[in-house]
Amino acid sequence: MLKQILGKLPRRSIKSESFEQNDPNNGGIQRTTSLNSSSSPRPNAPKRTSSAVFPSSVIAGIEPLLPFKDAPASEKMSLFISKLSLCCMVFDFSNPSKNTAEKDLKRLTLIELLDFIASGPPRFSEPAILSLCKMCSVNLFRVFPPNYRSSRGNNAGENEDDEPSFDPGWPHLQIVYDILLKFVTSSSVEAKVAKKYINHSFILRMLDLFESEDPRERECLKAIMHRIYGKFMVHRPFIRKSISNIFYRFVFESERHNGIAELLEIFGSVITGFALPLKEEHKIFLWRALIPLHKPKCLGVYFQQLSYCVTQFIEKDPKLASTVIRGLLKYWPITNSQKEVMFLGEVEEILESINMAEFQRVMVPLFWRIGCCINSSHFQVAERALLLWNNDQIFNLIGQNRQVILPIIFPALEANVQNHWNQSVLNLTLNVRNVFTEMDNMLFLACHAHFLEEQEKQSSATDKRKEAWDRLENAASLRPISVNTTAVLVMMPQQS
């Protein structure tokens, strides 16, 4: 079918002039007619299918179906623009049997454009850059239907095993993304010229595409946005601000977005390039955007990328470790055991690189929370908290500050020994007790004596409360119950 269509398409001379006219027999679609003086239109000439489906570019005036290898070097950029114009036709891919020949023709043209950009052509002209940005905009920028945003309800992204949705038009979209990526990374593109067309509006619409449920599309977007950030320095503050706004809307409004993980991956590489000392705006981003990202229920979908970004900040500036731990304690998921395990893992990663001064600033509230986790009835939370003692760096920090830490967590350890239902948790608790005994037996005995004293006080207070309630109940039982009760209706005077 495709060969039959292509066989009917006459090749135009590159040097021929052209003009656009409306053909009433073709539904008013523009068609290109040759004005070569050496030839005149033949009455039995075959129908120009290509012009009917893909109007040729007015700028170039060159037959877009002409291969690049058949065009002279001076005309290749004009041919490039014509082919871009040809690819601005968008098809409905929900019906695979519709416009199959035209879809194949467009796909072949897209592959040609990709090969041309990859071949390292001379400097791209400004009209070529404009045409390419227009072609990408027409094919890529679109509004996703409501089911893309709400198909998984309020728990969007919570279940990592959900089947992703794949765009039926991906065979074309993928090539367009490849073209844009090759174009952005090409040395033939001058950033000073391209920034006028890859502008703030273009970038915002690219970021909107991260809402796509197709993971393949989000991966392509991630690579392209990373390259745009690297090539166009003038746009870097705007990109950071725009991504921050996406995070704010996600955390504080919707808690629905499909591309948080990919956006965090972009920021992970951006953070590594921050200059020292860190600017105040970067620290504000950590406190206002990254740390609140621990709050949503669907944290598991992007936790790995978020944890990487946080640790990159701490590597850049170790003084931020205490700030991050305070933020984690603020958003600690008391009623979500899966998130608690994640938080404990991130705390361990932070404590591996924290310095002593920062550790001492947060050790009291931190180990109070760890003590609560040790007492958790969910065995995975309790296990994860007790396994912190297996980390050599954390063990050293605890050992040097045992006078403060052991009194905080000793009640949790004793409560586990007496009451916890899980044998694995019980064994780990006994191991930690033995560690403290070997580390400082005198301190351990003092904590044990204080614990018994506190238990005695609590038992005494409990007995006193029970006695007080018993006295109240006895007094109430001796008081006669009033049988005749009169309801009194009080009328309030009307206010004038």
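The axes are lines fitted to C-alpha atoms, for helices over the stretch in contact, and the angles run from 0 to 180 degrees between N-to-C directions. The model described here is predicted; local features need pLDDT of at least 70, side-chain atom pairs count only at pLDDT 80 or more, and totals for chains, interfaces and linings use all residues. Residues are numbered from 1 along each chain as its sequence is written, and side-chain values use heavy atoms, with hydrogens and water left out.

The chain has a mean pLDDT (the predictor's confidence in each residue, from 0 to 100) of 83, and 80% of its residues reach 70 or more. Where pLDDT is low, the predicted coordinates should not be read in detail.

The chain contains 22 helices and 2 strands; these are DSSP runs, numbered from the N terminus, with helices (H or I) of at least four residues and strands (E) of at least two. Of the 496 residues, 44% count as buried, where buried means under 20% relative accessible area, exposed over 50% and partly exposed in between, with a 1.4 Å probe and protein chains only. Among contacts between residues at least 6 apart in sequence, 72% join residues at least 24 apart.

Helix 20 (residues 402–419) takes part in two of the helix pairs described here. Helix 20 and helix 22 (residues 441–478) pack at an angle of about 60 degrees, with their axes 10 Å apart, and are therefore oblique to each other. Their crossing is right-handed; a crossing has this hand if the near helix is turned clockwise from the far one by less than a right angle, and is left-handed if anticlockwise. On the helix 20 side, the contact is formed by Arg 402, Gln 403, Leu 406, Pro 407, Phe 410, Pro 411, Glu 414 and Gln 418, which meet Leu 443, Phe 444, Cys 447, His 448, Phe 451 and Gln 455 of helix 22. By class, these residues divide into 8 nonpolar, 4 polar and 2 charged. In this scheme Ala, Val, Leu, Ile, Met, Phe, Trp, Tyr, Cys and Pro count as nonpolar, Asp, Glu, Lys and Arg as charged, and the others, Gly among them, as polar.

The axes of helix 17 (residues 356–374) and helix 20 come within 9 Å and cross at roughly 5 degrees. Helix 17 and helix 20 are therefore roughly parallel to each other. Phe 359, Met 363, Val 364, Phe 367, Trp 368, Gly 371 and Ile 374 in helix 17 are in contact with Val 404, Ile 405, Ile 408, Ile 409, Ala 412, Leu 413 and Asn 416 in helix 20. This contact comprises 12 nonpolar, 2 polar and no charged residues.

For helix 11 (residues 236–254) and helix 12 (residues 260–272), the axes come within 11 Å and cross at roughly 140 degrees. That makes helix 11 oblique to helix 12, and the crossing is left-handed. Arg 240, Ile 243, Ile 246, Phe 247 and Phe 250 of helix 11 meet Ile 260, Leu 263, Leu 264, Ile 266, Phe 267 and Val 270 of helix 12. The contact has 10 nonpolar, no polar and 1 charged residues.

Ala 382, in helix 18 (residues 379–386), counts as buried at 0% relative accessibility. Beyond four places in sequence, Ala 382 touches Cys 373, Ile 374, Ser 376, His 420 and Val 425. The C-alpha atoms of Ala 382 and Leu 428, 46 residues apart along the chain, are separated by 9.2 Å. Leu 428 lies in helix 21 (residues 423–439) and is buried, with a relative accessible area of 18%.

Ser 212, between helix 9 (200–208) and helix 10, has 1% relative accessibility and touches Phe 144, Glu 217, Arg 218 and Asn 258, not counting residues up to four places away in sequence. His 235, between helix 10 (215–231) and helix 11, has a relative accessible area of 6%.

Methods:
Angles under 35 degrees count as roughly parallel, over 145 as roughly antiparallel, 65 to 115 as roughly perpendicular and the rest as oblique. Contact means heavy atoms within 4.5 Å.
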